Amino acid sequence: MNAPAASNTQHWLTFQLDGQAYAAPLTQVSEVIRIGEVTPVPGAASDLLGIRHLRGRVVPVLDGRRRLGLPPRDGDSDSVRVVMLNHASHAVGLRVDAVGELLLPGDDAIAPPPPGRAARVDDPVIGVLPWKGGFVALLDVRRMCRLPESDAA
C-alpha cells in the first residue's frame, strides 16, 4: 500500500494508545488540549465521545482506543489529551492516553504496515517506523477520522 503522507520527509507527533505508539503528521495537528467538557451525541458511533466547543467551533471528539479496537482506559489520568486533527475543512479531536514527541524519520525508515492489517477497509495505519525497541504506527488522518475521500487534498 502506498503511504503518500509518509513519502515526504515530515515531522510526526507521537502519542500513546494502550501502550502502543502512534503518530499523525504534524502538518495535520493544530493543537493538543485537555479533554474539557464533551457533550455525548445520542445514536452516534461507539467511538465518538461527543462534541465540544473549541473557540466558537463545534468539533467531534473520537476515542482513539475505541476507534482502533483497543480496550477501554481504566480511570482518568493527567496525561490524557485531545489531539486536534485537521483534514481539508474538517477538525476532529482524538482522545489519546498521552502525547509523546516529534519524529522526523527519513524516507527509508518508514515501512509498510504489517501484513494482515490491510484486511480492515477503514484501517488508518499507513506505515510503521522502528522506534525505541518497538515501532510507531503512522496514521492517515482522513481514514482515522472517517472523513470523506472527496475532501482529499
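1. Two strands are said to pair if DSSP finds at least two bridges between them. Strands (E, at least two residues) and helices (H or I, at least four residues) are DSSP runs, numbered from the N terminus. On these terms strand 9 and strand 10 are an antiparallel pair with six bridges.

2. The model is predicted: local features need pLDDT of at least 70, side-chain atom pairs count only at pLDDT 80 or more, and totals for chains, interfaces and linings use all residues. Residues are numbered from 1 along each chain as its sequence is written, and side-chain values use heavy atoms, with hydrogens and water left out.

3. Overall content. The chain has three helices and ten strands, in the sequence pattern α-β-β-β-β-β-α-β-β-β-β-β-α. Of its 153 residues, 42% count as buried; buried means under 20% relative accessible area, exposed over 50%, and partly exposed in between (1.4 Å probe, protein chains only). The accessible surface is about 8100 Å², and carbon and sulfur atoms hold 53% of that. Areas come from the Shrake-Rupley method with a 1.4 Å probe; for residues, only the protein chains shown count as cover. Among contacts (heavy atoms within 4.5 Å) with a separation of 6 or more, 54% join residues 24 or more positions apart.

4. Strand 1 and strand 8 run antiparallel and are joined by four bridges; tryptophan 12 stands opposite leucine 103 of strand 8.

5. Leucine 129 has valine 136 in strand 10 as its bridge partner. The hairpin of strand 9 and strand 10 has two residues between the strands, and lysine 132 takes a positive phi near 50° there. Lysine 132 is exposed, at 66% relative accessible area.

6. A further positive phi. Most residues other than glycine have a negative phi. Aspartate 18, in the loop between strand 1 and strand 2, has a phi near 55°. With 38% relative accessibility, aspartate 18 counts as partly exposed.

7. Five strands in the order 3-6-7-5-4 form an open sheet, and the pairing is mixed. Its edge strands, strand 3 (29–33) and strand 4 (48–54), each pair on one side only. The twist from one strand to the next averages 30°. Strand 4 and strand 5 (residues 57–63) run antiparallel and are joined by six bridges; the bridge partner of arginine 52 in strand 5 is valine 59.

8. Nonpolar cores. A nonpolar core is a set of buried Ala, Val, Leu, Ile, Met, Phe, Trp, Tyr and Cys residues joined through side-chain atoms within 4.5 Å. The largest has 20 residues, of which Phe15, Tyr22, Val83, Leu85, Leu94 and Cys145 touch the most other members. The elements giving two or more residues to this core are strand 1 (12–17), strand 2 (20–25), strand 6 (81–87), strand 7 (90–96), strand 10 (134–139) and helix 3 (141–144). A second, separate core has ten residues, including Ile126, Leu129, Val136 and Leu138. Setting aside neighbours within four places in sequence, leucine 94 is in contact with Phe15, Leu62, Asp63, Gly64, Arg81, Val82, Val83, Leu85 and Met144.

9. Arginine 67. This residue belongs to helix 2 (residues 64–67). Arginine 67 is buried, with a relative accessible area of 2%. A polar atom of the arginine 67 side chain lies 2.9 Å from the backbone oxygen of arginine 143. Arginine 67 and leucine 48 are 19 residues apart in sequence, with a C-alpha to C-alpha distance of 8.3 Å.

How values were computed
Polar contact = N/O pair within 3.5 Å; in protein donor to acceptor, adjacent residues only side chain to side chain. Axes fitted to C-alpha atoms, helices over the stretch in contact; angles between N-to-C directions.
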